[in-house]
Amino acid sequence: MNLARALLDVRPLRTSRLFRWLLFGRTVSTLGSFMTVVTVMFQVWDSTRSPVWSGAVGLAQALPMVGVGLFAGAWVDRADRRRIYLLGNAGQASCSLLLAVQGLSGRLPVGAVLALVAVQASFGALGAPAAGVFVPRLLPKDQVAAGLALNQVTGQAMMLVGPAVAGVVLGRWGVGVCYLLDAASFGVSFACAFGLPPLPPVGGAARSGLGGVADGLRFLAGHRVVRGALLTDLAATVLSMPVSLFPLVNTERFGGSPRTLGLFLSALAVGGVVAMAFSGPVTRFGRPGPVMLTASAVWGGALAAFGLTDRAWTGLLLLVVAGGADALAVLARTTVVQTCTPDAVLGRVTAAETVVGQAGPQLGNLRAGAVAAWGGAAAALVGGGLLCLLAVGAVAASTPELRRAVTGGGGGGGGERAAPAGTG
């Protein structure tokens, strides 16, 4: 295999001008979002010096994704996805402007700041399922996985760059300017998406309210490939998410240095960037089901091994491997969802995928902390990694359709077929 085919597949950048603009806008807004994550945590900690309030930041961001997401998905499947995405961007930009005003003018009480963060996350929950339909509508079927990989590698890169940029801006100009930059980043995203054509659902509009949500959940229950992909993701995150254990592992084994802790946190992202940079063979392989199962098993195995090592560099290498496996698993999961789901229910299924992606890691960190409090970090890591391997094996054994899944939705279940990708 030559080097060009091993590297990230960039055909979507040549194929679709609209995709290029959309990717640029989403990359800029992702950079601003990671800056705001750091800024909110800094402001809350600086105001309260309370780990309880710091933990509430994550809650304020995650709960709206779960509470708003499924209903937003039903709306997305009834209306023009372009307009909903633009509304989500405008709402997030407005919240960032309000955060900037309070940061520049003397700051609000912490509870009010978290309320603004929750409203902003609600607009994000509205825009996420709308954005989830763009790639399969703008690109040919055989380039959907490559388009998703490009989305993911830019997101991973911004996860590395955003906090560093936020640290520089916070140190020099303060929290208000960070929030202003985030608002500007949503403005860029809005402008880049404005040129998209109308994107109404293909195959009929969803029912409104709870009926539409129930229809989406019924599709998930009946489509074995999509259901298996989401269950595999939950197995990996709920059973073996390691992030909450890093401070304890660092203290127990590596002297408690903040530098080492920072490297642990970065290693997962580095692995993700490297995996996406060399994802060409995976996206061209056209078998997202086997890729997801294999990558999820590697994730669990690497974290179990991390729980056994007492050498910092070996631990970092294992976290890089785990981060790469996680990135490939997420890419495969998203490919399954977007190529195996009919367009008429894609907004609701993407919303459910977002809920899984938000809730799974939070529950996993909670599980890890509880197990570590009882049996120590090693027990939480090793036990979680082994449970992940067993759960992934169980999904693979019980869902042969996922093992055979190919780009385009083969082996689906429920008699559903993926709608053809539109040209946009």
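User: What does Arg137 form a salt bridge with?

Analyst: Asp343. This is a predicted model, and in it the closest N and O atoms of Arg137 and Asp343 are 3.2 Å apart. The pair links distant parts of the chain. Arg137 is in helix H7 (residues 134–138) and Asp343 in helix H17, 206 residues apart.

User: Is Arg137 buried or exposed?

Analyst: Buried, because its relative accessibility is 9% and the cut-off for buried is under 20%. Asp343 is buried too, with a relative accessible area of 6%.

User: Which residues are linked with Arg137 in a network of salt bridges?

Analyst: Asp77, Arg81, Asp343 and Arg348.

User: And how many salt bridges does the structure hold?

Analyst: Twelve. Another of them joins Arg333 to Asp233, with the closest N and O atoms 2.8 Å apart. Arg333 lies in helix H16 (residues 312–340) and Asp233 in helix H11, so this pair ties together parts that are 100 residues apart in sequence.

User: Are those two buried or exposed?

Analyst: Both Arg333 and Asp233 are buried. Arg333 also forms a salt bridge with Glu353, where the closest N and O atoms are 2.9 Å apart. That pair links helix H16, which holds Arg333, to helix H17, which holds Glu353.

User: Switching to helix H11. Where does Thr237 sit, and what does Thr237 touch?

Analyst: Thr237 is in helix H11. Leaving out residues up to four places away in sequence, Thr237 touches Gly360, Pro361 and Gly364. Thr237 counts as buried, at 7% relative accessibility.

User: OK, helix H18. How far apart are its end C-alpha atoms?

Analyst: They are 31 Å apart. Helix H18 covers residues 377–398, 22 residues, and at 1.5 Å a residue it should span 32 Å, so the two values agree.

User: Which residues of H18 are buried?

Analyst: Ala377, Ala380, Leu381, Val382, Gly384, Gly385, Cys388, Val392, Val395 and Ala396.

User: Why would residues three or four places apart point the same way?

Analyst: An α-helix has 3.6 residues a turn, so residues with that spacing point the same way.

User: What do the buried residues of H18 pack against?

Analyst: They pack against five helices: H11 (224–240), H12 (246–253), H15 (288–306), H17 (343–375) and H19 (400–403).

User: Next one. Where is Ser96, and is Ser96 buried or exposed?

Analyst: Ser96 is in helix H5 (residues 81–105). Ser96 is buried, with a relative accessible area of 0%.

User: What does Ser96 touch?

Analyst: Gln120, Tyr179, Asp182, Ala183 and Phe186, not counting residues up to four places away in sequence. The C-alpha atoms of Ser96 and Tyr179 are separated by 5.5 Å, although the two residues are 83 apart along the chain.

User: What about Thr39, which residues is Thr39 in contact with?

Analyst: Tyr179 again, along with Ala166, Leu170, Val175 and Cys178, leaving aside neighbours within four places in sequence. Thr39 lies in helix H3 (residues 17–48). Its relative accessible area is 0%, so Thr39 is buried.

User: Now the surface. Which residues form the nonpolar patch?

Analyst: Leu7, Leu160, Val161, Val270, Val274 and Phe278. Together they have about 450 Å² of accessible area.

User: Which helices each supply at least two residues of the patch?

Analyst: Helix H8 (144–172) and helix H13 (258–277). Val274 is found in helix H13. Val274 is partly exposed, with a relative accessible area of 45%.

User: Last thing, confidence. What is the mean pLDDT of the chain?

Analyst: The mean is 86, and 92% of the residues reach 70 or more. Over residues 409–424 the pLDDT is below 50. That stretch still has 39 contacts in the model beyond near neighbours in sequence.

User: How should coordinates be read where pLDDT is low?

Analyst: Not in detail.

Key:
Residues are numbered from 1 along each chain as its sequence is written. This is a predicted model: local features need pLDDT of at least 70, side-chain atom pairs count only at pLDDT 80 or more; totals for chains, interfaces and linings use all residues. Side-chain values use heavy atoms; hydrogens and water are left out. Patches are made of residues with over 30% relative accessible area and no salt bridge: like charges are joined within 9 Å, nonpolar side chains (Val, Leu, Ile, Met, Phe, Trp, Tyr) within 5 Å. Accessible areas come from the Shrake-Rupley method with a 1.4 Å probe; for residues, only the protein chains shown count as cover. A salt bridge is a side-chain nitrogen of Lys or Arg within 4 Å of a carboxyl oxygen of Asp or Glu. Helices (H or I, at least four residues) and strands (E, at least two) are DSSP runs, numbered from the N terminus. Buried means under 20% relative accessible area, exposed over 50%, partly exposed in between (1.4 Å probe, protein chains only). The expected span of a helix is 1.5 Å times one less than its number of residues. Contact means heavy atoms within 4.5 Å. pLDDT is the predictor's confidence in each residue, from 0 to 100.
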